[in-house]
Amino acid sequence: MKDNNIRNFCIIAHIDHGKSTLADRLLEYTGTLQAFQMKEQILDDMDLERERGITIKSHPIQILYKADHKTTYTLNLIDTPGHVDFSYEVSRSLAACEGALLLVDASQGVEAQTVSNTYLALENDLAIIPVINKVDLPGAQVESVKHQLVDLTGCEEDDIILTSAKTGKGIPELLQAIITRIPPPERDFNKAARALIFDSVFDNYRGAIPYVRVFEGRIEPGQKMKSFATRHVYEITEVGKFLFKKIPTQELKAGDVGYIVAQIKNIRDLKVGDTITTLENEAKSPLKGYKEMKPMVFSGLYPVNSDDYEELRQSIEKLQLNDASLRYEPETSEALGFGFRCGFLGLLHLEIVQERLEREFDQNLITTIPNVEYHVTDRQGNLFIVDTPSKMPDMGDIEMIEEPYVKAEIITPPEFIGNLMTLTQEKRATYVNTHYLDPSKVQLIYEIPLSEIIYDFYDKLKTVSRGYASLDYEFIGYKPSKLVKMDILINNEPVDALSLIIHQDQAYYQGRRLVQKLRSLIPRHLFEVPIQAAIGNKVIARENVKALRKNVTAKCYGGDITRKRKLLEKQKEGKKRMKQVGRVQVPQEAFLAVLQLG
Ligand code: GTP
């Protein structure tokens, strides 16, 4: 059975092309916003949700739209995360929909995430409605963007809807297109229950709450839900839909988008992309497409003060309740003491986690150089998975090291192709092909080691293209590379937390630069501090931090005790962010010095 009054869709766009503004305009035009703003109580609830760290914006939203005077349509707008680190979540959100609005900024045209999101939508067989937004801008280039969209999606020019999320132009036409061009969901209520988890949030009172799209059957309170990936069973206490807040309903049926409350203690029991069924009407197989999320970038997190280890452990544990893709395990470093090896989806994810631990949990952290995961085969044919340089087997025993590669897609105006070629060459990229989207936009495809992308590639790309080029990438597999482990010695002691895995051809150059950088970061001590880079037993670069003789309080004449104390306090403040490594004080930022080499 098909219910003609439901439409499930999402908006896909490159960052800043106007997704949120367009969603607000749809809510406003359909009166969804007004109806709720009038009820004070509901706004209070929204505040509460905000306090619990769940933002209204990331909710799916149900829009009730009276198309003519008779028919009311239920439009479920499902939000998608924007960044490449979370592209798997994007693809799951898309899998929950029948259609997608493909939004492109009229002044910017098609960008890297426009292309990658379009491919995801096509893979999920979604009906795509191409939309050119911001047509009110003086720099709007509607005709050329139309050509780019036709080239990208194979649509007709007439299919493209022109909107301004700022002035409201085109919104009625867009709503009409959603109703006529996006197919309604199939609705078979009698089949075994199958619902796709496309997102989840953690609520301190009600536990982890999955956001689901029901594909078949019904789900209602009192039933027992089971997830296919984890096999855990929980009793359902509430189901509901997303108006401006979560509104409980009696049931969720095939075609519906909603949430399930079942007092799930840990968000890791819910995996985005997994299927939920019920024991009452159990399905034999999950919906297609579940993929375990694998961390791609690894880094050590250590407390600046070793006494705070236990507190850091509790903070990471709590944070993980909210962030199912964060991995961690205890790790010990000779230099830094007890800490954690953490796995992230990408560098942005690492930054978010680090910032949340510092801001929300008040942790003072040392983060070590991020690295990817290597596959190392020794001379006996044993395979080792190495996620930290300190676990790398002895170089003499290694037969082969393989590293992860990505396919990178860069979209740029043609005048920057030369600069980008130089940049990609420095980053060990292999050129694959070029495709002109129109005379003003080129798509370049490369294969690049992931390790080259995670440091500063994106910033450099923006610099050499004056901000015009955009980037997207996906993991394609492992390839052998000539890699070596480089150790850093401070005051003749190897500092394990500073070791890195690097391409052989770059080792001398980067080793020299790294020790120079470290010399500028490590403060002078009462003795000379040598800093060396070494491969195996061979030192490839050396710098010295000269000895210091002056006492910090020497400037204080007489017995001015307050001034003296102030200076000492200031120094103590400075020390807080230092780590004692052997006899040497090493500042926090030195552990990330390699990121600052540029
Ligand atoms: P992210 O959530 O960061 O991915 O961005 P987004 O795609 O949701 O874009 P957002 O709605 O935040 O809009 C980005 C900027 O463009 C904001 O400053 C908006 O005010 C502006 N903007 C959005 N739509 C229009 C439009 O139709 N015309 C004009 N002139 N500006 C717009």
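Predicted model: local features only at pLDDT ≥ 70, side-chain atom pairs only at ≥ 80, totals over all residues.
**Helix H13**

I began with helix H13 and noted that Ala-507, Gly-511, Leu-514, Val-515, Leu-518 and Leu-521 are buried there.

Next I looked up what lies over the buried residues of H13, and the cover includes strand E27 (483-490), strand E29 (500-503), strand E30 (529-535), strand E31 (538-545) and strand E33 (584-587).

I then checked the length of the helix: at 1.5 Å a residue, the 15 residues of H13 (residues 507-521) should span 21 Å, and the end C-alpha atoms are 21 Å apart, which agrees.

**Helices H8 and H9**

I turned to helix H8 (residues 309-322) and helix H9 (residues 347-359), whose axes come within 11 Å and cross at roughly 125 degrees. Because of that angle, I wrote down H8 as oblique to H9, and I recorded their crossing as right-handed. Looking at which residues meet, I found Ser-315, Ile-316, Leu-319 and Asn-322 on the H8 side, with Val-353, Arg-356 and Leu-357 as their partners in H9.

**Ser-200**

Is Ser-200 buried or exposed? I first located Ser-200 in strand E7 (residues 194-203), and then noted a relative accessible area of 14%, which is under 20% and therefore makes Ser-200 buried. Leaving aside the neighbours within four places in sequence, I listed the contacts of Ser-200 as Ile-209, Pro-210, Tyr-211, Ile-267 and Leu-270.

Methods: Residues numbered from 1 in each chain as written. Heavy atoms only, no water. Helix = DSSP H or I, 4+ residues; strand = E, 2+ residues; numbered from the N terminus. Expected span 1.5 Å × (residues − 1). Buried < 20%, exposed > 50% of the residue type's maximum accessible area, 1.4 Å probe, protein only. Contact = heavy atoms within 4.5 Å. Axes fitted to C-alpha atoms, helices over the stretch in contact; angles between N-to-C directions. Parallel < 35°, antiparallel > 145°, perpendicular 65-115°, else oblique. Left-handed = near helix turned anticlockwise from the far one by under 90°.
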